[in-house]
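Visitor: I am new to this structure. Please show me how to read its features, one at a time.

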Amino acid sequence: MSFRNACYHILAPASEAHEYKKRSQLFDVLLIALIIVNVAAMMLETVPGIPTVWQHELHVIEIVSVLIFTVEYLLRLYSSASAPNRPSREQTTPWQKRWAYIKSPMALVDLMAILPFYLSVFVAFDLRILRVFRVLRILKIGRYSRSTQTLVTVLRNESHSLIAAISVLLLFTVIAATCIYYIEHTAQPDVFSSIPASLWWALVTLTTVGYGDAVPVTALGKVFGGLITIMGICFYALPAGILSSSYTTQMQLKRDRFKDTVRSVLDDGKLSEHDVHHLEHVRALLDLDEEEAKLIVRLLQHHHKGLDN
């Protein structure tokens, strides 16, 4: 296997690597540990007294981390040319595959994890913004989390429904802010000084948070505020319902795929050692609970024996 292909399989999450699986697992563990150390160091820098005492050590952690992340990004970019072609698409050249990687969300996260550091070296850069981008490095863990990938799939599949629900929420927030402004402005000109200022009250009331820094004092305002609170419970449950329903559907699709795989290996009436390893690999890819997967296998085995009898 060429160096490029070896890099591709080692850098890929262990559950997706077809070769060098143990090395891929080791790399995953080391990179996740580095990300955690990096984020912890960034948080400790904000604790009074620690940057003064541990300034050198924290700076070394930052330099070493950036170097490792830079090498990782360049190797991912180089080895992305070895990515397999999708069955539904035409053959692509290595440079087309690299360009596809550069545009991918995880590649953008990888780039943002290192780019602010290099910008701060060559140009004047606000260190507070640099720290904000450094915390984004924790998003790199999403590459190794099947649950995170499932959530991203859910957001992608339900994007149109979510946009529609959020549009309704924004519209209703503006309407609530406008109404409360005209109701309360005379009684509280400092609190509800304008419709944009009233948006804060509308937002915290619709989300039923209610910080208490802006509350209606007139009778009509209180009645309207109570109505908005009740409406907020209904309206703001829409995105949560959409996400939970789609997430449940995605998990059910994974279970169905695992069941289809089990049925296919049970055609000969028994499970060989190779079949068991194959099912475990599929279970890991689908991010199913181990006990749940074993239960599915036992139930389908029992069903298969019942059909044979």
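Visitor: How many disulfides does the count come to?

Guide: A disulfide is a covalent bond between the sulfur atoms of two cysteines. The rule here asks for a pair of cysteine sulfur atoms within 2.5 Å. By this rule the count is zero. A word on the source: this is a predicted model, where local features need pLDDT of at least 70, side-chain atom pairs count only at pLDDT 80 or more, and totals for chains, interfaces and linings use all residues. Residues are numbered from 1 along each chain as its sequence is written, and side-chain values use heavy atoms, with hydrogens and water left out.

Visitor: Is Cys7 buried or exposed?

Guide: Buried means under 20% relative accessible area, exposed means over 50%, and partly exposed lies in between (1.4 Å probe, protein chains only). Cys7 has 9% relative accessibility, so it counts as buried. Cys179 is at 31%, so it counts as partly exposed. Across the protein, buried residues make up 32% of the 309 residues.

Visitor: How many helices and strands are there in the protein?

Guide: Both are DSSP runs, numbered from the N terminus: helices are H or I with at least four residues, strands are E with at least two. This protein has 14 helices and zero strands. Along the sequence, the pattern reads α-α-α-α-α-α-α-α-α-α-α-α-α-α.

Visitor: At what angle do helix 9 and helix 11 pack?

Guide: Start with the axes. They are lines fitted to C-alpha atoms, for helices over the stretch in contact, and angles run from 0 to 180 degrees between N-to-C directions. Angles under 35 degrees count as roughly parallel, over 145 as roughly antiparallel, 65 to 115 as roughly perpendicular, and the rest as oblique. Helix 9 (residues 159-184) and helix 11 (residues 219-235) pack at about 170 degrees, with axes 10 Å apart. The two are therefore roughly antiparallel.

Visitor: Which residues of helix 9 and helix 11 make the contact?

Guide: Contact means heavy atoms within 4.5 Å. Helix 9 brings residues including Val168, Phe172, Cys179 and Glu184. Helix 11 brings residues including Gly221, Phe224 and Met231. By class, the contact has 12 nonpolar, one polar and one charged residues. Here Ala, Val, Leu, Ile, Met, Phe, Trp, Tyr, Cys and Pro count as nonpolar, Asp, Glu, Lys and Arg as charged, and the others, Gly among them, as polar.

Visitor: How many salt bridges does the structure hold?

Guide: Side chains of opposite charge can pair when their charged atoms come close. A salt bridge needs a side-chain nitrogen of Lys or Arg within 4 Å of a carboxyl oxygen of Asp or Glu. The structure holds five. Take Glu72 and Arg76, which meet at 2.8 Å, N to O. Both lie in helix 4 (residues 55-79), four residues apart, about one turn of the helix.

Visitor: Which parts of the chain does the Glu292 and Arg255 pair link?

Guide: Their closest N and O atoms are 2.4 Å apart. The pair links distant parts: Glu292 sits in helix 14 (residues 290-308), Arg255 in helix 12 (residues 237-265), 37 residues apart. Glu292 is partly exposed at 25%, and Arg255 is partly exposed at 23%.

Visitor: Where does Asp275 lie?

Guide: Asp275 lies in helix 13 (residues 273-286). Asp275 is buried, with a relative accessible area of 12%. Not counting residues up to four places away in sequence, Asp275 touches Val265 and Lys270.
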